[in-house]
Amino acid sequence: MEPIEYLRTIGRRWVVIVLLGALGLGAAWAYASSVPPLYKSTSSVFVSSDRGETTSELVQGSTFSQNLVQSYAQLATMPAVLDPVIEKLNLDTTAPELASSIVAATPLNTVIIEITASSESPTRAAATADAVTTSLATTVQKLAPKGPNNTPSITLSTVSTAQVPTIPYAPNTRLLLITGLGAGLALGIVYALARELLDTRLHGEKSILRVTDAPVLGKIGEKRRSDPDGLVMRVMPRSLLAEGYRRIRTNLEFVDVDNRPRCVVVTSPMVADGKSTSALNLALAMAERAPRVLLIDADLRRPSVAGMCDIEGEVGLTTVLVGAVALEDAITLWGGVLYVLPSGAVPPNPGQLLGATAMSDLILRLRGEYDFIVIDSPPLLPASDALGLAHLADGAIVVARDKSTRRAQLAATIESLDAVNARLLGIVLNRIQERHSDAYNYVETAQVVKARLAASSAAAAKAGNSNPDGRSTETSRTA
């Protein structure tokens, strides 16, 4: 991925990122609200030596005090000092528990011990700090070596008493909120990037280029809910969707200028990629330029062309291949513009039937009678029927569904065609989500389509020869 693609990924999933950021902020606020406030208070003592009359003795005493001050700081959190504090303040705790709330520190190169006590009560924090200071001074006097006249050699003098705090030091709500928000946003960004990197579905034309260098013949958008039902080329002939199929038609003409394809197979990697709809709309787009265009429903496993065209499908390709019906009786002129050969009865052996000599002879005959032939075939990964049909035709068009077809599926489909030396004419990316643009207003909009269909329906009701969806009911058999 390029750097700009990372930014676009974050922009596409900004809702998830903001949501996780809000969840992190809420979790931090809940934690800060659940933690009781803690107060701390500090008192200080000065460690001095009373021994020495000369300068040399005073220096030795100062050095002696500095050597012992660290030990006295450690002594402040021991039971010898804390037990008297517990008894004096009548605390319901033990020396180890009280020690966890006491911190004794000595600033560098000093003989001062700072004793900090923390508690949920501000008065108790101050009282505990003073009590520990007093108990430490008493304990040190007992432990310090005695001098002349049985006087202690070390003295601890209180230089700063503990003050009752007014503001708790914990929890730091602002820091927790900032941390929670930052952690949530970071998690959202990681999630967005990980999903983009791990998502193997097709996302636009660039993802197709990662799989194959085959040309993208066209991109077909997704119909909106406000658009009328029916085939795009019939009910919305001047819409952006219809223009997409015309673009595919034009691109096919320039795939090979010297030998333009006249017979194409339309397939897809998986079911529900939109191959049958694409094949029918492409055939209608071809019929705008050529007078005799034929659509063959060669998906003998799950045929759908007859249902979309609203014609009889029991007589068709299979009945022609087995010799039960003549070809002329199986082909229907639909809408006065497109010739359709339905699938016929579903056979038990579709692969063998399509691979028989009768099928190749039929395609060869139809090539001489029609200007362009579109063959709708089964998806390639579940069935291999399209491989043999691709050899009979001038090439195959693979329809992939945006945000549904995976890159591995498209790659496997292309590899299957390459394995049998079948020609891949190009890829059609189906059902992409197009943004609103001024181009949509240039072509026919849904409101214009509905108005036109309403007018044609009213006229058809008087003539009695048209359906409400704008499709002609008049069909005829070819002679």
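This is a predicted model: local features need pLDDT of at least 70, side-chain atom pairs count only at pLDDT 80 or more; totals for chains, interfaces and linings use all residues.
Visitor: How many salt bridges does a search of the whole structure find?
Guide: The search turns up 17.

Visitor: Why is the pair of glutamate 288 and arginine 249 called a salt bridge?
Guide: The N to O distance between their side chains is 3.2 Å. The cut-off is 4 Å, for a nitrogen of Lys or Arg and a carboxyl oxygen of Asp or Glu. The pair therefore counts as a salt bridge. In general, side chains of opposite charge can pair when their charged atoms come close.

Visitor: What makes arginine 249 buried?
Guide: Its relative accessibility is 6%. Buried means under 20%, so arginine 249 qualifies. Glutamate 288 has a relative accessible area of 43%. That value falls between 20% and 50%, so glutamate 288 is partly exposed.

Visitor: Which residues are linked with Arg249 and Glu288 in a network of salt bridges?
Guide: Glu243 and Arg246 join them in that network.

Visitor: How do you know that glutamate 328 and arginine 365 form a salt bridge?
Guide: Their closest N and O atoms are 2.5 Å apart. Glutamate 328 sits in helix 14 (residues 327-330) and arginine 365 in helix 16 (residues 357-369).

Visitor: Which other residue forms a salt bridge with arginine 365?
Guide: Glutamate 369 does, with the closest N and O atoms 3.2 Å apart. Both residues are in helix 16. They are 4 residues apart, so about one helical turn separates them.

Visitor: Why are glutamate 328, arginine 365 and glutamate 369 called partly exposed?
Guide: Glutamate 328 has 29% relative accessibility. Arginine 365 has 37%. Glutamate 369 has 33%. Each value lies between 20% and 50%, so each residue counts as partly exposed.

Visitor: How many disulfides does the structure hold?
Guide: The count is 0. A disulfide needs a pair of cysteine sulfur atoms within 2.5 Å.

Visitor: What makes cysteine 263 and cysteine 309 buried?
Guide: Cysteine 263 has a relative accessible area of 0%. Cysteine 309 has 2%. Both are under 20%, so both are buried.

Visitor: Which residues form a nonpolar patch on the surface?
Guide: Tyr6, Leu197 and Leu198 do, with about 320 Å² of accessible area together. Leucine 197 is in helix 7 (residues 173-198). A patch residue needs over 30% relative accessible area. Leucine 197 has 47%, so it passes that cut-off.

Visitor: How do you know that serine 207 is buried?
Guide: Its relative accessible area is 5%, under the 20% cut-off, so serine 207 is buried. Serine 207 lies in helix 8 (residues 204-209).

Visitor: What does the side chain of serine 207 reach?
Guide: It reaches the backbone oxygen of glycine 204 at 2.7 Å. The cut-off for a polar contact is 3.5 Å, so this distance falls within it. Serine 207 also touches Leu202 and Arg407, leaving aside residues up to four places away in sequence.

Visitor: Which residues of helix 17 are buried?
Guide: In helix 17 (residues 385-392) they are Asp385, Ala386, Leu387, Leu389 and Ala390. What covers them includes strand 6 (263-267) and helix 18 (407-419).

Visitor: Why is asparagine 90 called exposed?
Guide: Its relative accessibility is 69%. Exposed means over 50%, so asparagine 90 qualifies. Asparagine 90 lies in the loop between helix 4 (79-89) and helix 5 (95-99).

Visitor: What is the phi of asparagine 90?
Guide: It is near 55°, a positive value in a residue other than glycine. Lysine 403 also has a positive phi, about 60°. Most residues other than glycine have a negative phi.

Visitor: What makes the peptide bond from alanine 170 to proline 171 cis?
Guide: Its omega is near 0°. Most peptide bonds are trans. Proline 171 is in the loop between strand 4 (154-160) and helix 7.

Conventions
Residues are numbered from 1 along each chain as its sequence is written. Side-chain values use heavy atoms; hydrogens and water are left out. Buried means under 20% relative accessible area, exposed over 50%, partly exposed in between (1.4 Å probe, protein chains only). Helices (H or I, at least four residues) and strands (E, at least two) are DSSP runs, numbered from the N terminus. Patches are made of residues with over 30% relative accessible area and no salt bridge: like charges are joined within 9 Å, nonpolar side chains (Val, Leu, Ile, Met, Phe, Trp, Tyr) within 5 Å. Accessible areas come from the Shrake-Rupley method with a 1.4 Å probe; for residues, only the protein chains shown count as cover. A polar contact is a pair of N or O atoms within 3.5 Å; within protein, one must be able to donate a hydrogen and the other to accept it, and residues adjacent in sequence count only if both atoms are side-chain atoms. Contact means heavy atoms within 4.5 Å.
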